[in-house]
Structures are given as C-alpha cells and as structure tokens.
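Student: I've got a structure open and I'd like to talk it through with you. Shall we start with the strands and then move on to where the chains touch?

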There are 2 protein chains.
Amino acid sequence: MGNIVIIGGMAAGCKVASRLSRLLRGHKIIVIEKMPFVSMNSCGLLPFVAGEIDDVSDLMRTSYNVLRDEKYFDSVRNVNVLTKTEACEIDTRKRELVCRAIDSGDKFRLPYDSLVIATGFQPVKPEFSLRDSTLISSFHYLSDAQKFREKVQHGAISKVVIIGGGIKGCSLAEALVTLWGIDVALIEREENLLPVLLDREIAYYIQSSIKSGKLDLILSSSIEKIEDDKRGSLNVCLQNGESILADYVFCCTGVKPSTDLARGANIQTGVTGGIIVDEKMRTSVEHVWAAGSCVELTNMVTGQGDYFPSNPLSIRMGRVAADSILGRESSLKGTVRPFSLKLFDKFICGAGLTERYARKFGLNVGSVVGCWSDGADYYRDSKPIIAKLVYEKPGLRLLGLQMAGEKDLTRYIDLFSELLSRRRTVECLLQVELASSPGCGASDILLNHLGTMAINQELDGVKNVSPVDAMSFKGTFIDVREPHERTDHPFSNSCIGIPMSDLRTRLNDFNSNQEIIFVCGMGSRGYEAARMFLNHGYKRVSYLGGGILLYDAVRVENFKRLNRTNG
Amino acid sequence: MGNIVIIGGMAAGCKVASRLSRLLRGHKIIVIEKMPFVSMNSCGLLPFVAGEIDDVSDLMRTSYNVLRDEKYFDSVRNVNVLTKTEACEIDTRKRELVCRAIDSGDKFRLPYDSLVIATGFQPVKPEFSLRDSTLISSFHYLSDAQKFREKVQHGAISKVVIIGGGIKGCSLAEALVTLWGIDVALIEREENLLPVLLDREIAYYIQSSIKSGKLDLILSSSIEKIEDDKRGSLNVCLQNGESILADYVFCCTGVKPSTDLARGANIQTGVTGGIIVDEKMRTSVEHVWAAGSCVELTNMVTGQGDYFPSNPLSIRMGRVAADSILGRESSLKGTVRPFSLKLFDKFICGAGLTERYARKFGLNVGSVVGCWSDGADYYRDSKPIIAKLVYEKPGLRLLGLQMAGEKDLTRYIDLFSELLSRRRTVECLLQVELASSPGCGASDILLNHLGTMAINQELDGVKNVSPVDAMSFKGTFIDVREPHERTDHPFSNSCIGIPMSDLRTRLNDFNSNQEIIFVCGMGSRGYEAARMFLNHGYKRVSYLGGGILLYDAVRVENFKRLNRTNG
C-alpha cells in the first residue's frame, strides 16, 4: 500500500487511520490536521457550552480516559499525526499533497499512494452581512464555544439571539435557557422549527409544548442586519422592522461540505456541493478516497445526491474507505437521514422525506397523522406520541416518518429506516414485529397501526385529515367524544356532538353528500365513526388525524403565525 | 358472511370482533366469553398486584375511560357479547357451537358461518404436587391477583416464594420487593434467570446487578413439595433438602395454549400444543379460524412451529383473522420472538434464538459478546450496554440478539427483528443506519459494531471469547489497560499487564503458539491488541468479549452457582 495520507483528523479521518493501522503491517499512515488537536467529538461542543463538561480535553479522550493526541496515535496505532498542518493542494498527477505547517509557514510535499479526503464541513455564511465581532459567532468550532463560554462564565451575557431553528439552533437554545438561565430569542426564517426535518403538524406540536418564559420563538422571520448597540450590545434587526437587543449572537444557519481542496484538484462534487463517491468511498480521481462530512451520499429514498452530516455516518464511511483502500469487501449505499433528538422535554425523531419536501421533489404524496398513548390504557398518566407517515401514492412506497413524544422513540425510526433503505411499501409496516414490552400497550404496534391507517385511507377510502388542513375545513365537524369530555375540553362552538354510543342511531340524520370530519380525543373514535358512515353510504366523510390533542397544538401555533404575519 | 361466532373475549377475540364490525354491514357477530368481563388487558395484572392500579375495571377501559363491557360492544360496535358463557363443543359438520350459560347451566347451540377460536392460554401445572390452598396460586387469572392483593393489603404477607424465573416470575418478584417491601425468594430450575430468553453472559450480568437484600435468587433448584406449616404458613421444600417458609406461593411455571375445544373438534395442533394456522389464520378445518395465544406460529428463524404469546401478536392475529374471513388481503408470517422488559433497573431485550437453544436445535453457531457506553465518551456517567449476537457459522445468517443496559434498548431489537424475519446475514448489520442522536456516541452504531465484531471473528480470525468460556481458560491473560486502571480494579493475580501504549514494543516477547487472551475494561482495547498480535504472526490470540466489566459479573454469579451446587 505504501504511503497513505489522510487529510483531516476528526471522526472520519481518525476512523480511516485506526482501521488501516489495525489491518496493516509495515505501512506508513499520516494524518494531516489544521487544528492543534485531533479526534475531537464535535457533539461535545453543546455540553461544553452548556457547562456540563468543563474540560475541553474530555472531548478528545477515549472511554477509558486516555487522551487521543499525536502521541497516542503514534504509540498505540502507529499513525503519524501532523497537527497545525494545512493541506494546501493535491497534486493528483504526481500523487503528492502540498502541505503547510501553520506555525512556521513552511511548505512541504507528501507523496501518497492512497489519499483520503476527510475535510469535514464548515458553517454556511448567512445571507445578511456579518461584521467581525467578538459577540457574534457560528456554533461550529471549538473556538466558538470557548469564546462564548468565557463570556457567559463572567456573567457578561443575559440575552442571546440564535439565528436558525435547525437541530443546532434548537439544542443550543434549550441549553442556554435551561442550564444558564439566559433569555434566548430563536429566529427561524421558515414557519416552523426544524423545517428541513419536520412538517408543520409535528413541529407545531413541539412548539406548542415549549412553556419556558425565557425562550422567544420568532418564526417566519429573516434578519436584515446586525448593528452595534450603544451600550456595547448588539441590535439584531429583522426584515419586518422589529429589532432585538442581544449580548451575543449565534449563527446556526447551516453547514456545508468543505471541498475547496477537492475542487482544486478537479475531484467531482455533486448537487449538494459534497464530494461524489461510490459505495466504496472512491472519488472521481484515482487513488483518492473521501469520507465524512465533506461527502455527498445517495439519498436512498430519492435516489439523488444528498448531504446529511452525522457522526455515525462519518465513522461508517471511514471504515469503508479503509477497507476499500485495502481491496476488502465493504460498502455504504447511502443514507435515509434518520435523526433523533431531545428538545424541551420532547423526544423528536424522523427519517426519509417530509411531506413538504416530497411534494417539492414532484412526488405524488399521501400522508396520515396519528396520536397514541405511550403506555397501556390503564396507566392514566401515559403521554401522547404523535406521528406522521408520508408515502408515495401509486404503489404505496414509504417515504418518511416523523414523530414526537415524551419517551425515546428511536426504536420506530431505526426500524423504519431499514424499511426505507429497502424501498418497502406501506404493506410492510403491517408485517413488522416490534418487541412486546409489558405495560406499553398500543405503542408496541404503533408502526403496524400507521400502516393500517394508510391502507384504510388508500384502499378503503377512510380519509385521515391533517389538523393543518382541518383548520380551513368549511363542512360539518361531528365530535364523537363522551359528553363529559366535550364539556371539559370543547372542540368548537359550531360542531355537533354525538357520542360513539349514540352514533349508530343517527346514521340517517345527515345528507349522504355532506362533508363531515369526525373528531375525537386522539383520532381512534373519529376513524371508527367515519368508517361507520362510509359503510352506510356516506361519500365525503373523514376523520381528524391525531384528534383534538394535535389539533389544539396546530390551532395555537397557527394563530401565533397569523398574528405575526398580520403584524 | 352470515353469522360470525368468536370464542374468547380477550385481546385477539375482541380485535377480530371490532375489525369485523368496522368492515361489515348487516352482519351478526357474537363473542362467547367464560369470564364475567371481556377485553381485559392481562398485562395490567402486574400493576394491579403491585398496587399501582386500584380499580380492576381500569384494565377494561378504553384510553378515553369508557368501560368495554357488553353494552359498549353492543352500542358502539354492534357486537353481541355473551359473558359467563362457556363454549363446550364445536360441531364442525353442522357448523354449530354448543354453549353453556355458566350461571344457569343451560346449554344452547349457536350456528356459525365463520368461527374464530381465540381461547387464549392457561398456566402450565407445575411438576410437583400442588394442593388447593388459599395461599398458592398461579399469576395468570384476575382471581389470582385479587386473592393475593386482598391478603397483602391486610398485612398478612411478609414473605413470598415465586416459582419460575421467567418474565412473569421476575417482574412479579421486582414488584413485590419494590412496591410492597415484601421478602421474596425467586426459585428457578435452570442456572440463570430468564433461561428461555437469555444466555448466561447476559443473565449473569443482570443477576449480579440485583442489589436488593429483600430478594433471594435461588437458581438451579427444583421444588420437591409444598407443605402446610404449623403456624398457618407454607413450607416450600426444595429437592436438595432445603426449605423456605412463605406466606404465599406464586407458581409462574409457564403457560400453554388452551386448545381442549379445538382438539375436541379434530382441529390440528402443532409441536407446541398450539392450534396450527396458515398465514391467514385459517385452521385445518374449513370455516374455522384461530387467533391469539391459543395459536402456534412459525418461528421465522427456525422455520418450525413456535409458541410466543404476546399482546401485540394477538392483536395482529385478530386483525388478520378478520380480514381473512372477509377475503381481504392480509397475512402474518410468524414471529421472531422479540421482547423487551425492565427489571431491577436494567432494561433487557432480545429476539431470535439464544446460543443455548440454537445449539440444541443442531445449528453450527457462532457468537460475540460486547460492551459499549450508552452515552458519548465525554459523559463520564455513561452506563454500559451489554450485547450478545448469535449467528449461524456457514453463511453468517443472523440467529439472535440479547442485550441489557440502563436505558431502553428496544431500538436495537426492533430493527434486528426485521433483519431476522428477512433471514439476513451478519453483513447486513454493517449496512443498517441507526438514527443519529447527539450525545449518544458509540450506541448509535452499536449494531454496525456487532456486525463488525462477528466479521472480524469469522473472516479475519480475531476471536471474541465469551467470559463464560474465559472462566476455564488455562493460557495467558494479558491485561492491556493503563497501570492506574489495573491498580484500581485488578483482573487476576496471574495475568500480565502491558498497557496499549507499550504493546507494540513487546510483540516479540511471547511464543507465537502461545494461547493468549487480551483483556481490557470493555473489550475494545483487547480486540485491538489481539489484532496487532495476529498481524505479527501469533496464531492463538483472542480477546475477552465485554471486557472485565462483564467478566466480573460472570465470575460472581459462577461462584454463587458453584457454591450452591457443592452445598
């Protein structure tokens, strides 16, 4: 194999180096890293900023507390790590990497037999103009975290503006509010949080559950500019004319692959800007591999290039790249974008496409939304799980799933991801066998249920109406809950109340062409009612997906949105 | 369809009735149930006995708190439920069911066009002789729970013996100890708890973590007899001569399908005693379906008949039976036995075959055991996850997975079950994409890791040694942890200590035919060391799976077992 040179000493690069060193004898492996450290777990920036971790070096230690530094890589792995060294140019003809020692400025050339590009990602520059300021940063580099943390520890910060309501922005907002007690304004351009990952039904449900008075969600809002305020703070000006004072501004406006070096060497990049690789992590140029967050992967749902930086994927890509260099069987076919996070007491997860994205992509999309208890019915303190399933109408191929609840829901997403990656259909959801866990009730057949709902809708015509669509419904709502439920928690003044137990006696009371949505607490009785009326010859009946529980959340957030839009 | 008669009004029977009633018009659906109630969630017996639920009727209520009684089924579902009615005989020729009203003793015949048998399961009678006593019961019927709860509320019970260390026995033991503060002796015939579900490595790990002084685990022990004690208690006599005083004895010695009625009608039953059905829940007799815990399903790993009563399966079978009666597309192909439970602060889950069972079944079996942190390395309070993967050696087909940890691990089992049901190989584990969750570290690629370990073992010869096998290892142990780790937590007096950072300098210090097991804290360094020595030409090196963490648990439990066996 001769010389193997790896550019980038974070997750992917270190994985390539470690795997190669395990499989090889009498080799030379060199890792080039710009930073003064290697193998930092960047997920740890959040707990560091939040004050849960005090020592930055903890982010570079093994589980048995040994620092993964140059010495460690040398003695344990026989890998030569050059930190504070920049890769300047890839000479693919001569197979040499031009490097520069950052401290001395000295340039040198490293010959390679195999080269791995693991240059990672960098923050996207926001659209508005952004001056250099000690009070503004991205939330990406260790230096960002250190800069902020120093200020916050000196009590210099009582109000922060976070721009961007993606995973990073949301997680940061929660940490600052919860752990430092700081007032936070979180500004998102789109009309809901996590807009790339969630449709409105699920995002609204999460938004409506955020009760902290210290967090101000400012949605559907763009930044005009950020000015210095006279008192040494910043003034964040929105395009609608509002402005917000802040002691610090974090720009969490997304990341993009770092590919200057690759593009300089005419290595092909894709629609997302990431380096194009095959299933074995080979780039378009011979002897050059790529791995990690500089890579564009295939989205296994759309079949198109996609960009989904994640630590697990970086590590898996690193392994495949190393195996591939050695000619071993190993491959990575792509991603279905599964994610999971906890935010404001809600567990949120998803995979595949949102309905919004699938429609933009030009697919003919169907969807159902539902609500379940996360414990057996006899546990009166069970909490709701909200889910939205997205599928392609002809053929019923699965496209995506989004969920929120108060327990960890990763089990559903992990299994669903496997189905997505195999291009399975809604019918397959009926066949999956989830683990049976005593006391869990309906949640143990939740995926089967979601499949049933979609089948009921597509094959039997029992239509599931999203609460977002129900907001603008002009027909008749029939509330089939028990009288005491209707009194305790009314749905709407204009709806008709008929409890399930009486419904059968009222089958002839309506016009069979009347548009009716049946509503209940969480959706199951509404479904049953709609089915009963359909069987009786009604043509235009449907039920409210997720019931009043989800509808209420959507109504509240919709109201806020309209208020904001109308000034 | 005409008349549809369903025997049994619990999970499966009620599901059949409800699904049919939703799909049909102008039908007659009759449910026959022996008990004075229907649609009881039997999972709720445990929280009822434990005192978490006070009102038994909570087990028969919908999530919106409506009692699922005869009236409910009549008005909401148009289903006629006959409680306190016994099905005595199926006349398959005349298509009639002979019934008996239990109160009056009156017999009557119900003609059917379609018949569904959903007679559920019943406790297995223990092998030892068991007299009728108000102080002995199974833990199966509502009456068992009521009988015990009445006594315990009157303070009449301070010591309970539970016979059988399966899920039911273990869960009950925990509830009595934790919630009532009762002293419990849990007696299991096999040498570990949950012997049908777990191999020793995982079971021992769980056993060793049980710290309650109120729970006495008595393993490898059988009951001789149960005698009355003079003071009104019971005396539970073991075959080894020991005896234990108890105020109450629960027999949790397993369940079996209730099939007297089916067998009386010459409906075919299988190796497990359950009713044989096809994928559409049709029995061997025309016009007769079966669903729920009276049914034998196909084990999708072995391809043989299997018996795995579970609520989710009962409900899914109920749906399929109803669809099948109506000629709709719907099927259930079998089970891979996925389970999940929480016991003594440990989450335990598994699916497929244990190694013990797979060997008995005659398969050529390989396995790996491993240990991971359930949080990122920078969280110093992360807890271990223990896992054992079982596969078939030629072809590397997946056979089973068992896990234990302090967080819910269902995500792994749900996904693994899907792979099992599709007869996937170890290589597929490398392809699965688990959700990426910030702060979760290695646990987000745990299944990929397990696959890697098995591949490393089978294709590269890096052997993973189970701590159970390592107990009897006579070769050299090399402990590759750091000196301070070895001092804090020594492995064994006779082992050689060489930290990873020095190992490369010691590659020539041993005989290349020497048998060596490399040990470390959780297994990863041991693997790396073994790989290094293999690359250097050593032939008989391996590493300790799960590291010292798991080994210690196995050692403790093994010591207890030997002590017990040797008296």
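Predicted model: local features only at pLDDT ≥ 70, side-chain atom pairs only at ≥ 80, totals over all residues.

Student: In which sense do strand β30 and β31(B) pair?

Tutor: Strand β30 covers residues 516-519 of chain B, and three bridges link this strand to β31(B). One of the pairs puts B:Ile516 against B:Val541 in β31(B). The sense of the β30 to β31(B) pairing is parallel.

Student: Which residue in β31(B) is the bridge partner of B:Asn464?

Tutor: Start with the strands: β27 spans residues 463-465 of chain B and β31 spans residues 541-544 of chain B. They pair in the parallel sense over three bridges. Across from B:Asn464, the partner in β31(B) is B:Tyr543.

Student: How many bridges join β13(A) to strand β14 of chain A?

Tutor: Strand β14 is residues 234-238, and the two run antiparallel. Within the pairing, A:Glu227 stands opposite A:Asn235 in β14(A). The count of bridges joining β13(A) and β14 is five.

Student: Now the interface: how much area do chain A and chain B bury between them?

Tutor: The contact draws 88 residues from chain A and 88 residues from chain B. Of the buried area, 49% is on carbon and sulfur atoms. The total comes to about 7400 Å².

Student: How many salt bridges does the rule find across the interface of chain A and chain B?

Tutor: Here's a salt bridge to look at: the side chains of A:Arg68 and B:Asp377 meet at 3.8 Å, N to O. The cut-off is 4 Å, so this pair qualifies. Across the interface of chain A and chain B, the rule finds ten.

Student: And which helix gives the most to the side of chain A that touches chain B?

Tutor: That side's residues split into 34 nonpolar, 25 polar and 29 charged. The top contributor supplies eight residues, and its name is helix α10 (residues 410-421) of chain A.

Student: Last one: how many residue pairs are in polar contact across the interface?

Tutor: Both residues of a pair have to be at pLDDT 80 or more.

Definitions and conventions. Residues numbered from 1 in each chain as written. Chains lettered and ligands numbered in written order. Heavy atoms only, no water. Contact = heavy atoms within 4.5 Å. Buried area = accessible area lost by both parts, 1.4 Å probe. Polar contact = N/O pair within 3.5 Å; in protein donor to acceptor, adjacent residues only side chain to side chain. Helix = DSSP H or I, 4+ residues; strand = E, 2+ residues; numbered from the N terminus. Nonpolar A, V, L, I, M, F, W, Y, C, P; charged D, E, K, R; others polar. Pairing = 2+ DSSP bridges.
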